[in-house]
Amino acid sequence: MPPQDHPTWLLDERRALGDRIRDRRMWRNLTQEKLAEKAGVSRDTVQRIERGTNDPRYSDLARIARALDTPLAELVGG
């Protein structure tokens, strides 16, 4: 399904997820680059997830949660 065909509620959820990750990253005083390094993902991946512009892979979210020392459920569940 092309991004423009995603329902509004799904886009809102992706943005909310990105906001929670950004908030936690900033609370930990990490740059996107440092978080990416700790998580073993690219900075572009962190940037896209925080902006809510893509559907993140579970493995990337799990790595980011671990790097933030935050339960994955807390990031995705709000």
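Modeller: Let us begin with Tyr58, which is exposed, with a relative accessible area of 62%. Please bear in mind that this is a predicted model.

Biologist: Why is Tyr58 called exposed?

Modeller: The term exposed requires a relative accessible area over 50%. Tyr58 has 62%, so Tyr58 is called exposed. Its place is in helix H4, which covers residues 58–67.

Biologist: How many helices and strands does the chain have?

Modeller: There are five helices and zero strands. Along the sequence this reads as α-α-α-α-α.

Biologist: What makes the radius of gyration agree with that of a compact globule?

Modeller: For 78 residues, a compact globule would have a radius of gyration near 12 Å. The chain has 12 Å, and therefore the two agree. Along the principal axes, the C-alpha atoms fill a box of roughly 35 × 25 × 20 Å.

Biologist: Which share of the residues is buried?

Modeller: Buried residues make up 33% of the 78 residues.

Biologist: Why is Arg14 called buried?

Modeller: Buried means a relative accessible area under 20%. Arg14 has 9%, so Arg14 is called buried.

Biologist: What does the side chain of Arg14 reach?

Modeller: The side chain of Arg14 reaches the backbone oxygen of Gly52 at 3.2 Å. If neighbours within four places in sequence are left aside, Arg14 is in contact with His6, Ile49, Gly52, Thr53, Asn54 and Asp55.

Biologist: Helix H1 also holds Arg25. Is Arg25 buried or exposed, and how do you know?

Modeller: Arg25 has a relative accessible area of 9%. The limit for buried is under 20%, and therefore Arg25 is buried.

Biologist: Gln32 lies in helix H2, residues 32–39. Why is Gln32 counted as buried?

Modeller: Gln32 has 18% relative accessibility. The term buried applies under 20%, so Gln32 counts as buried. Not counting residues up to four places away in sequence, Gln32 touches Arg25, Arg43, Val46, Gln47 and Glu50.

Biologist: Where does Glu33 lie, and why is Glu33 called exposed?

Modeller: Glu33 is found in helix H2. Its relative accessibility is 54%, and exposed means over 50%; therefore Glu33 counts as exposed.

Biologist: Why is Asp5 called partly exposed?

Modeller: Asp5 has 47%, so Asp5 counts as partly exposed. Asp5 is found in the segment before H1. Its C-alpha atom is separated by 35 Å from that of Arg28, 23 residues apart along the chain.

Biologist: Where is Asp69, and what is its phi?

Modeller: Asp69 has its place in the loop between H4 and helix H5, residues 72–77. Its phi is positive, about 55°, although Asp69 is not a glycine. The relative accessible area of Asp69 is 59%, which is over 50%, so Asp69 is exposed.

Biologist: How far apart are the mean positions of the positive and negative charges?

Modeller: The mean positions of the 15 positive and 13 negative charges are 4 Å apart. As for the surface, the chain exposes about 5100 Å², and carbon and sulfur atoms supply 49% of it.

Terms used
Residues are numbered from 1 along each chain as its sequence is written. This is a predicted model: local features need pLDDT of at least 70, side-chain atom pairs count only at pLDDT 80 or more; totals for chains, interfaces and linings use all residues. Side-chain values use heavy atoms; hydrogens and water are left out. Helices (H or I, at least four residues) and strands (E, at least two) are DSSP runs, numbered from the N terminus. The radius of gyration is taken over C-alpha atoms; the globule rule is 2.2 Å times the number of residues to the power 0.38. Buried means under 20% relative accessible area, exposed over 50%, partly exposed in between (1.4 Å probe, protein chains only). Accessible areas come from the Shrake-Rupley method with a 1.4 Å probe; for residues, only the protein chains shown count as cover. Lys and Arg count as positive and Asp and Glu as negative; His and the chain ends are not counted. The place of a charge is taken as NZ of Lys, CZ of Arg, CG of Asp or CD of Glu. A polar contact is a pair of N or O atoms within 3.5 Å; within protein, one must be able to donate a hydrogen and the other to accept it, and residues adjacent in sequence count only if both atoms are side-chain atoms. Contact means heavy atoms within 4.5 Å.
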